[in-house]
Amino acid sequence: MEAVQIVLRQGADLDGFRAAVRRLIAGAVSPQDVVWSGGETLFATAPPDAGPPVALPRAVADLIEHVICHRDPDRYAYLYALIWRVLHGERALLDVQSDRVVHRLEMLRKAVRRDLHKMHAFLRFRRLDDAGGERFVAWFEPDHYIVEATAGFFVDRFRGLAWSILTPVGSLHWDRERLIVGPPGKRSDVPDSDGFEAGWTQYYESTFNPARVNPALMRKEMPVRYWRNLPEAKSIARLIQTAPERVEAMIRQEAAMTIKRNPDKAVAAMADQNPRNLGELNRIIAASEPLVPGATRAVLGEGPIGAAVAFVGEQPGDQEDLEGRPFVGPAGLLLNGALAEAGIDRGSVYVTNAVKHFKFEQRGKRRMHQSPTAGEVKHYRWWLMKELEFVRPGLVVALGATAALALTGKVVTIRRNRGEAEFDGFPGYITVHPSYLLRLPDEETKRDAYAAFLRDLKRIAVLADHKKRCGERS
Ligand code: URA
């Protein structure tokens, strides 16, 4: 039999394909006798004398509607092969995921769905005031022929506005009543920005959660090639860069609320125990239960009594919990390196934490650090102040906001309070936590923040009369 040529119009020619399938099935033309060409001409040559309707399972009809939008020139041949087999006894063929044709079609469907999702999510209208009045215009570059398939979505959402969506493969125009499908558009027909922009940016910034920053995932979810069209994309770099600061602000806010809610019960209970020296205090702390169950042990402070400087961190991390010593994990390594660079011998200073137990969330095999609440910080505060009373350091350094909260009893911002301070009669100093430096997303910011931390440490060394008491290298 001579091959039957079917020429469909460019794009997703659903009507042309349906008509062709009716005629082919009516003529009992098997898939190997059909040559399909689509995506090359703007005009359909679908036969007008199509055969009777073909009844297909709903799942197959759904699949066709998606796959037809794919750019793959073989999509029609694959679809017709599927239809042929479904109509010749394999009604449940779509359930056979291992079948080569089904597998290929499912891959095409997935790609089209992803493209639809991206267009729904990343298309941005710009306002255009022309002779016809107010109109909204958007430019988008889809991977597949999905423009018509998205029409319902945009008409539903923006029914009350007059808008046009321009793409390199076709356009949609809605005048509040009628939808017109038109030829391809040009990017230059869409203004680069408008008064709407600030609104989008503000919305995006308000929904951006700095505690969940994952630049790799963001790029996957919002691929960089869409950023050009997204006003809010301009904020992304800045938002990522300031994320650690904003997380700190969120923690402070949470802390302030907890302080309001929690009456001070813990302090009274601890004061009753009345330890007379650091050894007694440490025995009490070591025997205590963690406020939040899970920690292996209480991690006690370490260093000489009468140390020139006492560094106070937040709480032990995973490694500190396992080893039972403060600042021995990644933050500890950074701290050690910075101390050495500032000429401070770690062995000569006292190092401890505001909270003595590691608090974490188990995720698979990993124990993910969780910040202590203000209530928890407050619970441990009496111990910390007693510890400092026994250690009698020349200067107390708060590393980060949690330590500053513990030492001052107040919510303080690092940015505003960084530098010299006073903690219940101890000369003090507030600086960032080493983990903050580890979390910074890019090298340049990290370098600057580390340099500032180093300046703080050098100042601390001077303040604590470092030459005499910390064994500074000259
Ligand atoms: N972070 C802290 O605050 N303390 C430690 O001991 C380790 C990490």
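Trainee: Let's start with Thr431: is this residue buried or exposed?
Mentor: Bear in mind that this is a predicted model, where local features need pLDDT of at least 70, side-chain atom pairs count only at pLDDT 80 or more, and totals for chains, interfaces and linings use all residues. Residues are numbered from 1 along each chain as its sequence is written, and side-chain values use heavy atoms, leaving out hydrogens and water. Buried means under 20% relative accessible area, exposed over 50%, and partly exposed in between, with a 1.4 Å probe and protein chains only. Thr431 has a relative accessible area of 0%, so Thr431 is buried.

Trainee: Which residues is Thr431 in contact with, leaving aside neighbours within four places in sequence?
Mentor: Thr431 has its place in strand E14, residues 426-431. Helices (H or I, at least four residues) and strands (E, at least two) are DSSP runs, numbered from the N terminus. Contact means heavy atoms within 4.5 Å. With neighbours within four places set aside, the contacts of Thr431 are Val397, Ala398, Leu399, Gly400, Ile414, Arg418, Phe453 and Asp456.

Trainee: Good start! Stepping back to the protein chain, what share of its contacts between residues at least 6 apart in sequence joins residues at least 24 apart?
Mentor: The protein chain holds 19 helices and 14 strands. Of its 474 residues, 48% are buried. For contacts between residues at least 6 apart in sequence, the share that joins residues at least 24 apart is 73%.

Trainee: How many residues of helix H15 are buried?
Mentor: H15 covers residues 401-408 and is mostly covered. Its buried residues are Ala401, Thr402, Ala403, Ala404, Leu405, Ala406 and Leu407. Out of 8 residues in H15, the number buried is 7.

Trainee: How are helices H11 and H14 oriented to each other, roughly parallel or roughly antiparallel?
Mentor: Axes are lines fitted to C-alpha atoms, for helices over the stretch in contact, and angles run from 0 to 180 degrees between N-to-C directions. The axes of H11 (residues 278-287) and H14 (residues 374-391) come within 9 Å and cross at roughly 155°. Angles under 35 degrees count as roughly parallel, over 145 as roughly antiparallel, 65 to 115 as roughly perpendicular, and the rest as oblique. H11 and H14 are therefore roughly antiparallel.

Trainee: Now H2 and H3, please: how many nonpolar residues does their contact have?
Mentor: H2 (residues 58-67) and H3 (residues 75-87) pack at an angle of about 175°, with their axes 11 Å apart, and are therefore roughly antiparallel. Val60, Leu63, Ile64 and Val67 of H2 meet Arg75, Leu79, Leu82, Ile83 and Val86 of H3. By class, this contact has no polar residues, 1 charged residue, and a nonpolar count of 8.

Trainee: What kind of aromatic pair do Phe125 and Trp163 form?
Mentor: Rings of Phe, Tyr and Trp (its six-membered ring) pair if their centres lie within 6.5 Å, and planes under 30 degrees apart count as stacked, over 60 as edge-to-face and the rest as tilted. The structure holds 12 such pairs. For Phe125 and Trp163 the centres are 5.9 Å apart and the planes 45° apart, which makes the pair tilted.

Trainee: One more: which element holds Phe327, a residue with positive phi?
Mentor: Phe327 has a phi near 50°, although it is not a glycine. With a relative accessible area of 4%, Phe327 is buried. Its place is the loop between helix H12 and helix H13.

Conventions
Ala, Val, Leu, Ile, Met, Phe, Trp, Tyr, Cys and Pro count as nonpolar, Asp, Glu, Lys and Arg as charged, and the others, Gly among them, as polar.
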